[in-house]
Every structure is written in structure tokens, then in C-alpha cells.
Amino acid sequence: MSVRSQSSEPPVSSGAPHRAGFACFVGRPNAGKSTLTNALVGQKVAITANQPQTTRHTVRGIVHRPDAQLILVDTPGLHKPRTLLGERLNDIVRTTWAEVDVIGFCLPANEKLGPGDRFIAKELASIKKTPKIAIVTKTDLVDGKTLAEQLIAIDQLGRELGFEWAEIVPVSAVGDKQVSLLADLIVPLLPEGPALYPEGDLTDEPEQVMIAELIREAALEGVRDELPHSIAVVVEEMLPREDRPADKPLLDIHAFVYIERPSQKGIIIGPKGKRLKEVGIKSRKQIEALLGTPVFLDLHVKVAKDWQRDPRQLRKLGF
């Protein structure tokens, strides 16, 4: 079993050819994939929330290094689908796996391996040629003994299914432990070649999609467990405010927060509009940080009846 700790020597890159390629993080919902993507890129490109199945778009985060360019594909968590949306999310995952150079399987250190992990590992075992790295996330939440037991269990899981992990790496994205080591270990597994994206690009996700995701993240936090998957956000319009001096620009953003039933409207808006106002304030700060310009954010709540099960509504909402 090849387990990497802080004392392991990272691969030597001096004089090595430049490499560029794609890696994707897979795992059960809420295994820390988005947080890890953001930590590697060094900036927020994927939304994170305490609810499982938060990620719905395949976000690419781009890590620029002198010796390599690593493009990270952040997929939704693979899960047993209960809706048409769930089925489409699983399809995205499998399509992504077939197209990347390295697969990182995220397994939280603080949760024992369960049926969901075995289900994903079994699917990974059928992908023969792509190197697979086991990434033990959330190591800041456990002691050394629990971590050691998890590392052994993960090694055994690979053997049971007839494959060996290219690496097993414990990391803490929140504590920034071994995140750069993980990049060092992925890079040699990428194909040789020039950079695929311009220096300075951190993602190829359109700005409007990222803004919608930031609003949805703020909305999810506001309603906790009440509406975990019923919220979708669409940015209808982004226009610079006219008649503003060049040194004081303002961007008007008009967005709709969609829910599935009229009864959910009160939950998202809150008493006297308080909750929706909080969502607006929180997401506006994040959007301004993303775009580097002052923003006026106009939010409205709309009902799109049972949109998770309706193909027409799913298309309209970007799925």
C-alpha cells in the first residue's frame, strides 16, 4: 500500500517535460470534493454546502504550475437516483470518468466505508486504464488511530475489487494539509503537453452559471434541511448600470430563485422578506469578490412545479 504522508518526498520536477491534463474527483455526496477543488485552485470555483448533492454542474478548476497545468473536473456525487434530475446527474459523472486522465476517489476520514463507497469503487474497478488515487478527506476531524484504520480499509477495498490504488493520500482541505502534495502526485500521471488554458484562467465555467451557483449556495444555507434539493437559480440578465461614471461602475444582476411548490415560497422568503434579503446580502458579497466590481442584485422567487421530475423544466433550468 502506497500511503503518502507529510514526510514523503514529492516527485522531482526539474528538467521534466511540461504536462497538462484532466483529473476528476468522485465520491459519495458531501465527501469534500468541492472544498478540495477550491483548495487546489486557491479560489472558490465550486460551491460547497452542508447538504449532500450540492454540486450540479461539472465545474472545471484550473491549477497553474511551472511544470504542469491540472484541470480539475468537479462532478456531482454518484447516488441512487430518485428523480429525473438524479439520473441526469449520474450520467454526467459516468461520462466524465470516461474522459479524464486521473480519477481521485474522495473518502471522508470521519465516516466508515459504506455501501455507497463500495458501489462507486465497484464502478471504478471497471475502468481499467485510468489511474485511480484514493483521497482521504477531512483528516482534521479524526485522530491518528481512526485515520490509520481508514487507510487500511481503503487499501483492502481496492484489493477486494481487483485493482491497486496509484496512491492513497490523506488530506485536509480546510486545514490546508497535504493539498499541494496531492497536486504533486497527480501531475506525473498526466500526459505530456502544453497548457490547455491561458495563464490566469481559474475556471471555464461561464460567469452567469457561477453567479447562479453562489446565489443557490446562499439560499441553501438559509433554509438548512427544509429545501435541500428544491432550489434552482437562473440569472436572467447582467447589465452595467447606465449613466454611471467610469470610476464608479455598477452591475445590475436580475436572478430568479425557483422552487417546486407554492408552500415553499414562504420558507425561502422568510418573515417580511428577511430570509431572502439575507440570501441577497451574502451572495452579493461573494459575487462582487468574484467579478471585482460593485453589484446591485435583484432576486425574485418563482414556482416551477415539480421541476426535478419534468424534462421541460429541467432543460429550462440548465440541466
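**View 1. R28, E111 and D117 are tied together in a network of salt bridges.** A salt bridge here is a side-chain nitrogen of Lys or Arg within 4 Å of a carboxyl oxygen of Asp or Glu. By this rule the count comes to 13 salt bridges. The model is a predicted one, where local features need pLDDT of at least 70 and side-chain atom pairs count only at pLDDT 80 or more, while totals for chains, interfaces and linings use all residues. Residues are numbered from 1 along each chain as its sequence is written, and side-chain values use heavy atoms, with hydrogens and water left out.

**View 2. R118 and E160 make a salt bridge, with N to O at 3.7 Å.** This one links distant parts of the chain: R118 sits in helix α3 (residues 115–125) and E160 in helix α4 (residues 144–160), 42 residues apart. Helices (H or I, at least four residues) and strands (E, at least two) are DSSP runs, numbered from the N terminus. R118 has 39% relative accessibility and counts as partly exposed, while E160, at 57%, counts as exposed. For these labels, buried means under 20% relative accessible area, exposed over 50%, and partly exposed in between (1.4 Å probe, protein chains only).

View 3. K282 is partly exposed at 37%, and so is E221 at 35%.

**View 4. Helices α1 (residues 33–41) and α5 (residues 179–186) pack at about 85°, axes 9 Å apart.** Axes are lines fitted to C-alpha atoms, for helices over the stretch in contact, and angles run from 0 to 180 degrees between N-to-C directions. The pair therefore counts as roughly perpendicular (65 to 115 degrees; under 35 is roughly parallel, over 145 roughly antiparallel, the rest oblique). L36, A39 and L40 of α1 meet V179, L182 and A183 of α5, where contact means heavy atoms within 4.5 Å.

**View 5. Three strands make an open, mixed sheet in the order β7-β8-β9.** Two strands pair if DSSP finds at least two bridges between them. β7 (232–240) and β9 (295–303) are the edge strands, each with a single partner, so one side of each has no neighbour in the sheet. β7 and β8 (residues 251–259) run antiparallel, joined by 8 bridges, and V233 stands opposite V257 in β8. Helix α8 (residues 274–291) packs on the sheet, touching β8 and β9, and its direction makes about 135° with that of β9.
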